[in-house]
Amino acid sequence: MSRLEHASEVAGLAAELGLGGAANPVDAIPRHCRTRIDRWVADAGGVTTIGELEAVVTQRLQMVFVEVRSDADFDRITNDYARGKKEFVFAAMRGKFDDAENPTFGALVKRKHVGEDAPDRFVAVIDCRGGKLARRFFTRWHEIAHRLTTHADQGATEPAYRSEHDPLERLMDEIPRHVGFYGPFFDLAFDAAHGGKTLLTFGTVEAVRTGGFPEASFQATLNACAKRIPTPLVYLEATLAYKKEERRRNQTPSLFGDTPPPGELRPSK
Ligand SMILES: [Zn+2]
């Protein structure tokens, strides 16, 4: 991974948020978000579940979620927001979400035709169709991260459909690890699940997920645990696959009609 802290977009965002003097903006920006959230939680008299935390945070941010569970939901969104509320940016969204080259998981819109203090001044559309459902929790917190940073009150109004490799998108993915896996819950769930073991196990990750973050995916929880554990950790995703020459051989129809052997376990690309 290239060094995110050296990206000019990240330095620019830090300056916009008044964190221009920070030595490492990749630490400073999530910490800034976390400090704001801690203050809201204290004002609310504390929270006991991650769902309550999300509710406190989104209320403060005047933000609501609209989830897409099937293709027909785009018609409903167009009807409600573009026709009904004259927010036309919603009508053109589906193409971005369906773009196979650069799939979009969520988009945040600052509404134009609504009062300054409306509770739904910002609308985050979250794609939960098919394989994207597993990232639902993470995508919601990714959009909260945008609202805390790139969509701060003076910031952008329309969703920016950046590539997932864009430095700002990668930074937005860092923030949920700090704020979605909220420290006070995460530390409790992690300590209970980990029980002082030296190395991270799949069992610990699953116990953290079921114990504290049932809506999060295994992978997102694994990433959060990897950040928390002090021992070095290598993350390798593997799948059954063929070598290049095996793939070529299997594409040639066999004279004997035999089925190709199953692939071998290889690192995923
Ligand atoms: Zn984003």
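This is a predicted model: local features need pLDDT of at least 70, side-chain atom pairs count only at pLDDT 80 or more; totals for chains, interfaces and linings use all residues.

Lys-86 belongs to the loop that links H4 and H5. Although Lys-86 is not a glycine, its phi is positive, at about 60°.

## Helix H4

Lys-86 follows helix H4. This helix comprises the 13 residues 72–84, and its end C-alpha atoms are 17 Å apart. A bend of about 30° is found in H4 at Thr-78.

Which residues of H4 are buried? Phe-74, Ile-77 and Tyr-81 are buried in this helix. The cover over the buried residues of H4 includes strand S1 (63–68), helix H5 (93–98) and strand S3 (122–127).

Gln-62 lies in the loop between helix H3 (50–60) and S1. Gln-62 is not a glycine, yet it has a positive phi of about 50°.

## Gly-180, between helices H7 and H8

Gly-180 is located in the loop that joins helix H7 (167–179) to helix H8 (183–194). With 24 other C-beta atoms within 10 Å, Gly-180 is therefore buried.

Once neighbours within four places in sequence are set aside, the contacts of Gly-180 are with Phe-137, Phe-138 and Trp-141. Between Gly-180 and Glu-5 there are 175 residues of separation in sequence, and their C-alpha atoms are 21 Å apart in space.

## The protein as a whole

The secondary structure of the protein consists of eleven helices and five strands. Along the principal axes, the C-alpha atoms occupy a box of roughly 70 × 50 × 35 Å.

The protein has 269 residues, of which 31% count as buried. Among contacts with a separation of 6 or more, 57% are between residues 24 or more positions apart.

Methods
Residues are numbered from 1 along each chain as its sequence is written. Helices (H or I, at least four residues) and strands (E, at least two) are DSSP runs, numbered from the N terminus. The expected span of a helix is 1.5 Å times one less than its number of residues. The bend at a residue is the angle between axes fitted to the seven residues ending there and the seven starting there. A residue is buried if 20 or more other C-beta atoms lie within 10 Å of its own, exposed if 12 or fewer, and partly exposed in between; C-beta atoms are placed from the backbone. Two residues are in contact if their C-beta atoms, placed from the backbone, lie within 7 Å.
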